[in-house]
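The terms are given with their cut-offs where they come up.

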Amino acid sequence: MASLHLAIPSLPGPTRQSTIRCSGEQRQALFNRIAPVYDNLNDLLSLGQHRIWKRMAVSWTGAKDGDNVLDVCCGSGDLTFLLSERVGSYGKAVGLDFSKEQLLTASTRQKLRSKTCYKNIKWMEGNALDLPFPDSSFDAVTIGYGLRNVIDRHKAMTEIRRVLKPGSTVSVLDFNKSINPLSTTIQELMIDNIVVPVASGYGLQDEYKYLKSSIKNFLTGNELEMLALEVGFSTAKHFEIGFGLMGNLVAIR
């Protein structure tokens with residue numbers, strides 16, 4: 001089952017950049033609106049499978065006890081919490097997002113959790129295209145369902161590489177733009193007949209009806225690998241997961 005993650009309408013464009021029709025303020029408003037029901041919808045529409053995919057994404061980072069890690073486009077914090085568990089009480093995790101409401105939801109979830117490691121999570125409002133960190137700051141970085149929606153993917157990946165320490169890994173989880181016609185058909189049928197109708201029940205039809213087109217305008221696994229290598233990562237490998245509905249790029253600086 002496809003997990004529900006907001007899509008921003010985009011126009012077809014080159015690998016370097018995906019032009020967004022709506023302004024930054026409009027995109028922030030969209031993500032702010034869905035924040036209260038975001039987690040419930042993800043669980044409902046993926047039958048909980050998104051939790052498995054996110055654990056896989058974090059595992060691929062190789063983050064370990066004591067590391068300093070970053071989750072870009074953190075949303076309500078799922079990947080950030082998982083990263084925090086990996087780095088433990090002596091590590092530090094930062095969750096960065098441009099949506100204040102998503103960050104508020106993440107902060108509220110943090111206060112309700114008792115693990116000691118969660119106390120070391122810091123939430124920051126910020127832009128994926130201009131990360132507010134020095135070079136070589138992090139031992140691992142994740143970005144879940146965010147690269148597809150940024151205005152300039154090349155710039156976002158360049159910034160992620162910049163803040164990673166040499167030899168460290170970024171793990172990029174998102175919908176898979178398959179080159180297999182059958183997988184694409186199944187994915188589109190699920191979006192049309194499950195995702196959008198359910199989102200409509202929450203009054204969010206307009207926020208989610210562009211999901212299919214955003215995947216069409218995203219990059220294939222091979223294109224994501226080429227993008228990572230183009231911005232300077234030493235290795236890049238894309239994995240299809242969730243029966244090919246999802247994909248995860250693993251790139252090492």
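A residue is called buried when its relative accessible area is under 20%, exposed when over 50%, and partly exposed in between, using a 1.4 Å probe and protein chains only. By that rule Asp 139 counts as buried because its relative accessible area is 17%.

The model is predicted: local features need pLDDT of at least 70, side-chain atom pairs count only at pLDDT 80 or more, and totals for chains, interfaces and linings use all residues. Residues are numbered from 1 along each chain as its sequence is written, and side-chain values use heavy atoms, with hydrogens and water left out.

**Overall content**

Helices (H or I, at least four residues) and strands (E, at least two) are DSSP runs, numbered from the N terminus. The protein has ten helices and seven strands. Of its 253 residues, 55% count as buried. A contact means heavy atoms within 4.5 Å. Among contacts between residues at least 6 apart in sequence, 75% join residues at least 24 apart.

**Asp 139**

Asp 139 lies in strand S4. Leaving aside residues up to four places away in sequence, Asp 139 touches Asp 67, Asn 68, Leu 164, Lys 165, Ser 168 and Thr 169. With Lys 165 there is a side-chain polar contact of 3.1 Å. A polar contact is a pair of N or O atoms within 3.5 Å; within protein, one must be able to donate a hydrogen and the other to accept it, and residues adjacent in sequence count only if both atoms are side-chain atoms.

**The sheet**

Two strands pair if DSSP finds at least two bridges between them. The seven strands form an open sheet in the order S3-S2-S1-S4-S5-S7-S6, with mixed pairing. S3 and S6 (235–241) are the edge strands, each pairing on one side only. On average, neighbouring strands of this sheet are turned by 15° against each other, direction ignored. Axes are lines fitted to C-alpha atoms, for helices over the stretch in contact, and angles run from 0 to 180 degrees between N-to-C directions.

Strand S7 (residues 246–252) runs antiparallel to S6, and seven bridges join the two. S7 also pairs with S5 in the antiparallel sense, over seven bridges. Six of the seven residues of S7 are buried. Some of its bridge partners are listed here.

| Residue | Bridge partner in S7 |
|---|---|
| Phe 239 | Asn 248 |
| Ile 241 | Met 246 |
| Thr 169 | Ile 252 |

S6 and S7 form a hairpin with four residues between them, and Gly 242 in the turn has a positive phi of about 60°.

Helix H3 (residues 49–61) lies across S4, S5 (164–175), S6 and S7, running at about 165° to S5. Helix H10 (residues 221–230) also packs on the sheet, touching S6 and S7, and its direction makes about 155° with that of S6.

Most residues other than glycine have a negative phi. Ser 136 has a positive phi of about 55° although it is not a glycine. Ser 136 is in the loop between S3 (121–125) and S4 (138–144), and at 29% relative accessibility it counts as partly exposed. Tyr 145 likewise has a positive phi of about 55°. Tyr 145 is in the loop between S4 and helix H6 (153–163) and is buried, with a relative accessible area of 6%.

**Ring contacts**

Rings of Phe, Tyr and Trp (its six-membered ring) pair if their centres lie within 6.5 Å; planes under 30 degrees apart count as stacked, over 60 as edge-to-face and the rest as tilted. Five aromatic pairs are found in the whole structure. One of them is Phe 133 with Phe 138, edge-to-face at 4.9 Å centre to centre and 90° between the planes. Phe 133 and Phe 138 are both buried. The ring centres of Tyr 145 and Phe 175 are 5.7 Å apart with planes at 70°, so this pair is edge-to-face. Tyr 145 is in the loop between S4 and H6 and Phe 175 in S5, so the pair ties together parts that are 30 residues apart in sequence. Phe 175 is buried, as is Tyr 145.

Ring pairs also link Phe 81, Tyr 118 and Trp 123 into a cluster. The charged end of Arg 113 sits over the ring of Phe 81, 4.1 Å from its centre. A charge sits over a ring if NZ of Lys or CZ of Arg is within 6 Å of the ring centre and within 35 degrees of the ring normal.
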